Amino acid sequence: NKFGVLARIAGLFSGRGFNIDTLNVAPTHIDGRSRITATLNGDEKALDQCIKQLDKLVDVIAVENYHGEEAVGRELVLLKVEADSKTRPEITQICDVFRGKIIDVSPHNLIIEVTGNKNKIKAFLDLLESFGVSELARTGVVSLRRGASEN
């Protein structure tokens with residue numbers, strides 16, 4: 001959790017030709033430490049080389065590369081959707097199906113919170129798009145390895 005670490009990490013990815021699809025940075029349960037979760041797509045060989053270089057950075061404690069089902073990943077989305085008295089019941093029903101929460105109500109819109117994997121988020125957003133999404137904020141994916149901790 002030091003100044004410039006994120007910039008060096010992002011620079012390493014971009015220098016290797018990777019586009020960062022999602023990026024999440026937040027403090028952990030250990031004082032002074034943050035966890036960075038980045039979602040990347042690209043050549044596996046180049047990614048392995050990038051991971052080795054990340055592991056050499058002084059302020060990086062550990063690097064893990066998750067594949068498929070070996071980790072659990074979730075994303076949080078907040079969205080503001082247009083809703084009047086006619087459309088509100090249908091939007092509420094969609095929220096119930098996706099275990100979304102309506103966290104703010106105003107005369108002309110709702111703010112909804114939903115968490116899940118990328119497929120759930122995409123399906124939810126696809127259904128609500130027809131009502132008129134006026135604002136959207138996403139956290140990016142956060143992940144943890146399944147099973148017992150190695151620490």
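Buried means under 20% relative accessible area, exposed means over 50%, and partly exposed sits in between (1.4 Å probe, protein chains only). Keep that handy for the tour.

Before you click: this is a predicted model, where local features need pLDDT of at least 70, side-chain atom pairs count only at pLDDT 80 or more, and totals for chains, interfaces and linings use all residues. Residues are numbered from 1 along each chain as its sequence is written, and side-chain values use heavy atoms, with hydrogens and water left out.

Start by selecting N109. With 18% relative accessibility, N109 counts as buried. You'll find N109 in strand β5, residues 109-116; strands (E, at least two residues) are DSSP runs, numbered from the N terminus. Now show side chains: the one on N109 makes a polar contact with the side chain of S106, at 2.7 Å. A polar contact here is a pair of N or O atoms within 3.5 Å; within protein, one must be able to donate a hydrogen and the other to accept it, and residues adjacent in sequence count only if both atoms are side-chain atoms.

What else is N109 in contact with, leaving aside neighbours within four places in sequence? Select K80, V81, E82, A83, R88 and D104. Contact means heavy atoms within 4.5 Å.

Next, hop to V133 in strand β6, residues 133-138. V133 is partly exposed, at 34% relative accessible area. Beyond its neighbours within four places in sequence, V133 is in contact with L79, K80, V81 and L128.

Last stop: select C50, buried at 0% relative accessibility, then C95, buried at 1%.

Note on methods. Helix = DSSP H or I, 4+ residues; strand = E, 2+ residues; numbered from the N terminus.
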